[in-house]
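Please examine the sequence and the model shown below.

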Amino acid sequence: MCRFFMTGLMITRTFSSLFCITISLFHSDFLHAGIPTPPMVWEDFDPDAGSFKEEIIYEKTVKGIYEKHAYISAYVNEVEVRVFCKYAVKEGSKNVPGLMNTHGWMGGPSIDKQYVNDGWAVISHDYSGLTKRPHHTKYPPELGHGHMDAKEKGYTLIYDKMPDGSQTTDPKATSHYLWNAIQRRVLSYLLTQKEVDPSRIGAKGYSYGGTIMWNLAMDKRVKAVVAYFGIGWINYYRDRAIWKFDQPQKEIPQTPGQKLFLTGLAPQAHAPYIQAASLWLNGSNDHHGGHERGCDTFKDFKPGVPWDFAVQARGHHNTEKLGDNCKVWLEKHVRGDSHIWPARPTSEIKLGQDGVPELHLSPANSEKIKEVQVYQCVKTANNIARFWRDVESKRVGNQWVAKLPVLNTKDYLFSYANIRYENNTVISSDFEAVIPSDLGRAVATDQPSEELPGGASLWKDAAPAEGVGGIQGFRPLNKHHGTSSSQFGDPKWKAPKGANLEFMFYCTQPQSLTLSTNTRHASDIEITASNDWQSMALTPGLLTNVHGTKLKDWSEVGTISLKPKSGADITKVVFANFKWKKD
């Protein structure tokens with residue numbers, strides 16, 4: 001039977017004509033009256049129970065790599081699910097470390113061949129259940145909410161609300177629980193493989209795969225996890241735009257379903273119970289929960305459990321600048337390799353003698369540091385919309401000091417640093433947030449600028465490029481999605497009222513692009529061909545939304561995106577010298 005804990009009553013009901021839920025009167029591990037903690041949710045789940053009923057549909061050894069694809073049975077809420085898995089290992093391997101590789105939202109199983117070639121036994125499973133693929137996890141109708149394309153199949157994904165709109169009262173009825181349960185069952189299957197050393201198991205998950213890593217990190221069989229994104233703080237917080245540094249703070253009551261999800265199921269709720277060494281890799285502007293709350297999650301870890309994080313500045317759903325963190329972390333905590341992983345840095349924002357805010361950073365193992373980059377952002381509470389500036393720092397002994405000029409001492413000032421070590425690992429310092437005027441006699445020394453920074457690092461998926469005459473600019477790298485930047489929302493570079501946007505471009509072949517904004521206004525622009533630089537000026541009225549309403553003023557805009565139209569190749573265009581200009 002499926003147990004759920006609530007004070008004061010015992011009831012039995014039917015869900016989707018499938019399973020009964022017995023409600024208990026008491027449990028000693030309550031965090032909130034009537035709301036279960038993660039250990040309570042999972043205490044009756046046995047991932048080893050029942051036959052796997054393995055059905056191998058592909059099995060082959062190619063160039064010394066053995067690979068098989070198979071269906072296995074998982075049992076969730078007394079219902080059988082046929083889970084599709086892929087497994088690969090070097091031929092003839094014995095007693096090797098095992099690795100779970102978990103895909104993201106709407107993704108599918110894939111073997112990370114880098115780890116296989118490096119001596120790991122790797123398994124990857126499908127939990128999205130997308131039927132458009134020849135092989136996929138098969139959810140029976142009773143658990144149809146496990147399909148990530150549930151709506152197309154006549155089901156509804158279940159989080160804090162049930163399909164009929166009522167509040168969720170049973171954590172085991174949710175889609176999130178189902179995906180976590182399947183993952184734990186696949187772990188049991190991995191441990192049965194003859195090549196695998198069951199005492200050395202790691203896992204890494206991307207996007208929503210990162211979201212379900214935190215539950216797996218509570219499993220005693222796992223030595224270490226790496227979560228790309230997915231640390232939580234989405235349900236209620238991001239969904240209701242309740243940002244940590246809102247001024248004033250929003251006061252929106254949580255629904256009963258939200259309370260249950262946040263306390264018993266959300267990734268951050270697992271923190272006090274996690275036993276695996278846990279590494280989190282994220283982008284500062286990722287669409288998951290606010291990264292500052294993500295950093296706070298580790299404050300709830302038990303003493304002695306290793307953890308760390310790195311946040312790529314201006315990263316959305318990308319972490320390519322965070323070095324070899326994942327590889328080194330897993331090798332250290334699963335394989336037992338003797339990698340050096342520095343202790344956490346300490347940092348503080350305080351006023352300099354001149355009243356200008358400064359970040360004071362003290363990293364560990366300073367003799368092994370290759371690079372320190374400090375970042376600064378002001379005012380913006382919504383982490384997705386922030387623009388992070390690169391800030392120069394000076395080394396003073398084993399400490400780095402960076403000036404953080406501001407326009408207004410009463411606005412929030414945010415700062416952190418990324419520290420790159422000789423072994424190509426990157427550690428982020430703590431996320432610091434202060435109102436400078438609260439620190440003492442703060443001085444505002446920054447000035448607005450109509451000349452916008454144009455470096456490639458400030459645009460997504462872009463690289464430095466040089467056009468004719470040696471003029472430096474940037475070139476978009478993504479042929480399909482183009483590029484974007486949030487620098488236009490920084491108070492320093494926000495458009496003055498009545499200004500137009502001007503920029504230069506260099507392209508020897510004509511291209512048709514679309515320029516759009518975070519305000520959902522857009523305009524098609526034509527990049528004409530020339531062997532010389534050209535200029536373009538855009539008035540706000542050229543941009544309209546889907547209702548035909550014109551953009552009133554560029555000062556409303558925080559993010560600008562440049563995307564190719566059908567048949568265009570935006571990677572052939574070099575952009576430079578963005579600026580605001582009044583007539």
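**Pockets and a sheet**

In this predicted model, the second largest pocket is lined by 24 residues, and those nearest its centre are Tyr159, Ile234, Asn235, Arg238 and Asp239. Two or more lining residues are given by each of the elements α4 (208–211), α6 (234–238) and α7 (256–264). The largest share of this lining comes from α6, which supplies 4 residues. Sorted by class, the lining of the second largest pocket holds 10 nonpolar, 9 polar and 5 charged residues. The volume of this pocket is about 430 Å³.

The largest pocket contains about 630 Å³ of space. Its lining is made up of 29 residues, and Thr380, Ala385, Arg386, Asn518 and Thr559 are the closest to its centre. In the lining of the largest pocket, 10 residues are nonpolar, 11 are polar and 8 are charged.

Attention now turns to the sheet. Four strands, in the order β13-β14-β18-β17, form an open sheet with antiparallel pairing. The edge positions are taken by β13 (346–351) and β17 (394–396); each has a single partner strand, so one side of each is left without a neighbour in the sheet. From one strand to the next, the twist averages 25°.

Strand β17 is joined to β18 (residues 399–403) by 3 bridges, and the two strands run antiparallel. Across this pairing, lysine 394 stands opposite valine 401 in β18.

Notes:
Residues are numbered from 1 along each chain as its sequence is written. This is a predicted model: local features need pLDDT of at least 70, side-chain atom pairs count only at pLDDT 80 or more; totals for chains, interfaces and linings use all residues. Side-chain values use heavy atoms; hydrogens and water are left out. On a 1 Å grid over the protein atoms alone, a cavity is a set of points where a 1.4 Å probe fits but cannot get out, and a pocket is an open set with protein on both sides within 12 Å along at least five of seven lines; lining residues have an atom within 4 Å of a point. Grid points are joined across faces, edges and corners, and a volume is the space filled by probe spheres set on the points. Ala, Val, Leu, Ile, Met, Phe, Trp, Tyr, Cys and Pro count as nonpolar, Asp, Glu, Lys and Arg as charged, and the others, Gly among them, as polar. Two strands pair if DSSP finds at least two bridges between them. Axes are lines fitted to C-alpha atoms, for helices over the stretch in contact, and angles run from 0 to 180 degrees between N-to-C directions.
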